[in-house]
Amino acid sequence: MKQTHTDYRETTLEAYPFGHARAQEAFASACVSHPHWRVRLVSMECLTQQALLAYVAKHAADYEVFKGAIEKIHDDTLLEDVALYPCKDRHSCVLAIQRIGNENMLFQIAQTHPYAEIRKTAVACITSQGFLLAVAEGNSDAVVREEAIGRLDNPECLERIAFRDPNDAVKRKAISMIADPARLLTLVLESESMAIKKFALHRMYLLHNETGLDPVLAAQLNPCLESALLIANAISLMDISGVAWWKECTQATIPHLYQALSTSGLYREVKILEKAVVSLYTNRTDLRQELLADMPLSFPEQTPDEPLVWRMLTSEYQAMQNLATNMFPARKADR
């Protein structure tokens, strides 16, 4: 006859009665070494001594056994001991950390534990902004710093990290947590990394692509008009914010505009740039000659009879021209 869990419990209690002087030690030993898993589980249920529960949490091989033991531990010092023990199954470390209430202990684990996933778990349990900032600025592991940054709510600290951290992924995480357009603008204008400039500007675009920026802030994006990587988002934000960006354009803007148009792989950016060329051609008669002179060869030639450059910028027409050039290479020389 198949025995039930209750049967195993009764058998176990008969073998190791609660009144026995060494019953708790016997239960702990059974949790770790008994050949039958049901006996190991029942023995854990019978354990009450905190130190022996910690022993089982560190040495038991069964998930349900060490999980149950950890859930019965109420002493943070013992939980820290389990978290720091080099267990084969790191789930026990994670479970122990998730039950620790002492944030100083969690901070020490986040800074010193040999495994990054355990340090991340400790960071995820910290609520103190001071401890989180210390991890975000001082931990040696970029993945752990990212986890801490995701829990920071101080924009000044986030901006500082975005400027100073040596890892671009960490910088991007900090920027993704900033919502203040003035701080994002500072990153766009002052960061030494072009990738960070672009990410900060894109963050501004995501936050304000419908409502627009304060025109005073938007007007400060003028330097971005002379960067192929930044020009599309800068023009879009300035347009939405009611800033006449084309008034600030110079001859130096045109090569960057065409370079961005020819290299961008994003449909949204291409449409922004196409519209920008048309706006520049329409509003700046003094730059029309340069616009036509610097036009990429892949665009069809213009005639004086065409008042605007819509035909030049039609994506479908350009695609047909490129296809024809590829099919008939000799025509490229003819042009």
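1. The protein chain exposes about 17500 Å², and carbon and sulfur atoms supply 53% of that area. The model is a predicted one, so every value below is computed from predicted coordinates. Of the 335 residues in the protein chain, 43% are buried.

2. The secondary structure of the protein chain consists of 22 helices and zero strands. Taking contacts between residues at least 6 apart in sequence, 55% join residues at least 24 apart.

3. Helix H2 (residues 23-33) and helix H4 (residues 50-59) have axes that come within 9 Å and cross at roughly 10°. That angle makes H2 roughly parallel to H4, since angles under 35 degrees count as such. On the H2 side the contact is made by Gln24, Glu25, Ala28, Cys31 and Val32; H4 contributes Leu52, Tyr55, Val56 and His59. By class, the contact of H2 with H4 has six nonpolar, two polar and one charged residues.

4. Ser33 also belongs to helix H2. Is this residue, Ser33, buried or exposed? Ser33 has a relative accessible area of 52% and is therefore exposed, the cut-off for that class being over 50%.

5. Ala116, Arg119, Lys120, Val123 and Ala124 of H9 make the contact with Val143, Val144, Glu147 and Ala148 of H11. The residues of this contact of H9 with H11 divide into six nonpolar, no polar and three charged.

6. How are H17 and H19 oriented to each other? The axes of helix H17 (residues 231-240) and helix H19 (residues 267-283) come within 9 Å and cross at roughly 65°. H17 and H19 are therefore roughly perpendicular to each other; the range for that class is 65 to 115 degrees. The crossing of H17 and H19 is left-handed.

7. The contact of H17 with H19 can be listed by residue. From H17, Ile231, Ala232, Asn233, Ile235 and Ser236 take part; they meet Arg268, Glu269, Ile272, Leu273 and Ala276 in H19. The residues of the contact of H17 with H19 divide into six nonpolar, two polar and two charged.

8. Ser227 sits in the loop between helix H16 (215-219) and H17. With 11% relative accessibility, Ser227 counts as buried, because the limit for that class is under 20%. Not counting residues up to four places away in sequence, Ser227 touches Met194 and His256. Ser227 and Gln259 are 32 residues apart along the chain, and their C-alpha atoms are separated by 9.2 Å.

9. Thr253 lies in helix H18 (residues 253-263). Its relative accessible area is 2%, so Thr253 is buried. Which residues are in contact with Thr253, leaving aside its neighbours within four places in sequence? They are Leu225, Glu226 and Ile231. Of these, Ile231 is also one of the H17 residues that meet H19. Thr253 and Pro223, 30 residues apart in sequence, are 9.7 Å apart in space, C-alpha to C-alpha.

10. His208 is located in helix H15 (residues 194-208). With a relative accessible area of 14%, His208 is buried. His208 touches Ala179, Pro181, Leu213, Leu237 and Ile240, residues up to four places away in sequence not being counted. Met194, which Ser227 touches, falls within the residue range of the helix that holds His208.

Key: Residues numbered from 1 in each chain as written. Predicted model: local features only at pLDDT ≥ 70, side-chain atom pairs only at ≥ 80, totals over all residues. Heavy atoms only, no water. Axes fitted to C-alpha atoms, helices over the stretch in contact; angles between N-to-C directions. Helix = DSSP H or I, 4+ residues; strand = E, 2+ residues; numbered from the N terminus. Parallel < 35°, antiparallel > 145°, perpendicular 65-115°, else oblique. Left-handed = near helix turned anticlockwise from the far one by under 90°. Contact = heavy atoms within 4.5 Å. Nonpolar A, V, L, I, M, F, W, Y, C, P; charged D, E, K, R; others polar. Buried < 20%, exposed > 50% of the residue type's maximum accessible area, 1.4 Å probe, protein only. Areas by Shrake-Rupley, 256 points an atom, 1.4 Å probe, with all protein chains shown as cover.
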